[in-house]
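Work through the exercises below with the sequence and the model open. Each task is followed by a solution in steps.

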Amino acid sequence: MQPTAPLFRRISRLALTTKQVNGGYYKGTGSGSMGRHTKHGGYIIDYKKVRTYVVPKDLKDFKLTPFVTKTMEPLKGSFEGDPKGGLSGERYLDRWKRENGTD
């Protein structure tokens with residue numbers, strides 16, 4: 001059974017899936033590679049391949065607006081008395097015990 005001609009034209013315009021073509025077709029995500037794999041299982045970043053975005057200098061008179069408001073002040077964490085800052089494992093465990101109790 002064949003689809004009708006208008007339906008067949010509509011189907012042919014849709015994007016291909018891996019089930020519609022032979023083996024070896026890999027669609028991917030469009031992200032691209034930013035480096036290469038080593039033979040030891042590591043990954044080396046090639047900074048010539050990394051995408052960089054240049055922000056225009058004067059954004060005050062810019063017509064397009066960002067999704068984030070410009071009036072929000074940056075939040076700053078306070079880590080007094082902790083030499084490792086916010087990444088301290090002791091600080092994380094103390095907070096977890098305060099919020100969840102001890103087992």
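**Exercise 1. The surroundings of Ile 45**

Task: Determine which residues Ile 45 contacts, leaving aside its neighbours within four places in sequence.

Solution. 
Step 1. With those neighbours set aside, Ile 45 touches Met 34, Gly 35 and Val 50.
Step 2. Take Met 34 from that list. Ile 45 and Met 34 are eleven residues apart along the chain, and their C-alpha atoms are separated by 5.8 Å.

**Exercise 2. The salt bridge**

Task: How many salt bridges does the structure hold, and which side chains meet in a salt bridge?

Solution. 
Step 1. There is one salt bridge in the structure.
Step 2. Its partners are the side chains of Glu 99 and Arg 95, at 2.9 Å from N to O. The cut-off for this pairing is 4 Å.
Step 3. Glu 99 and Arg 95 are separated by about one helical turn because they are four residues apart in helix 2. An α-helix has 3.6 residues a turn, so residues three or four places apart point the same way.
Step 4. Both Glu 99 and Arg 95 are exposed.
Step 5. Helix 2 covers residues 89-100, twelve residues in all. From first C-alpha to last, helix 2 reaches 16 Å, close to the 16 Å expected. Just after helix 2 comes Gly 101, with a positive phi of about 80°.

**Exercise 3. The chain as a whole**

Task: Describe the order of the elements, the burial of the residues and the confidence of the model.

Solution. 
Step 1. Two helices and two strands are present, in the order α-β-β-α from the N terminus.
Step 2. Of the 103 residues in the chain, 4% are buried. The chain exposes about 11000 Å², with 57% supplied by carbon and sulfur atoms.
Step 3. Among contacts with a separation of 6 or more, 0% join residues 24 or more positions apart.
Step 4. The mean pLDDT is 78, and 82% of the residues reach 70 or more. Among the elements, strand 2 has the highest mean pLDDT (95) and helix 1 (residues 5-13) the lowest (65). Where pLDDT is low, the predicted coordinates should not be read in detail.

Note on methods
Residues are numbered from 1 along each chain as its sequence is written. Side-chain values use heavy atoms; hydrogens and water are left out. Buried means under 20% relative accessible area, exposed over 50%, partly exposed in between (1.4 Å probe, protein chains only). Contact means heavy atoms within 4.5 Å. Accessible areas come from the Shrake-Rupley method with a 1.4 Å probe; for residues, only the protein chains shown count as cover. The expected span of a helix is 1.5 Å times one less than its number of residues. pLDDT is the predictor's confidence in each residue, from 0 to 100.
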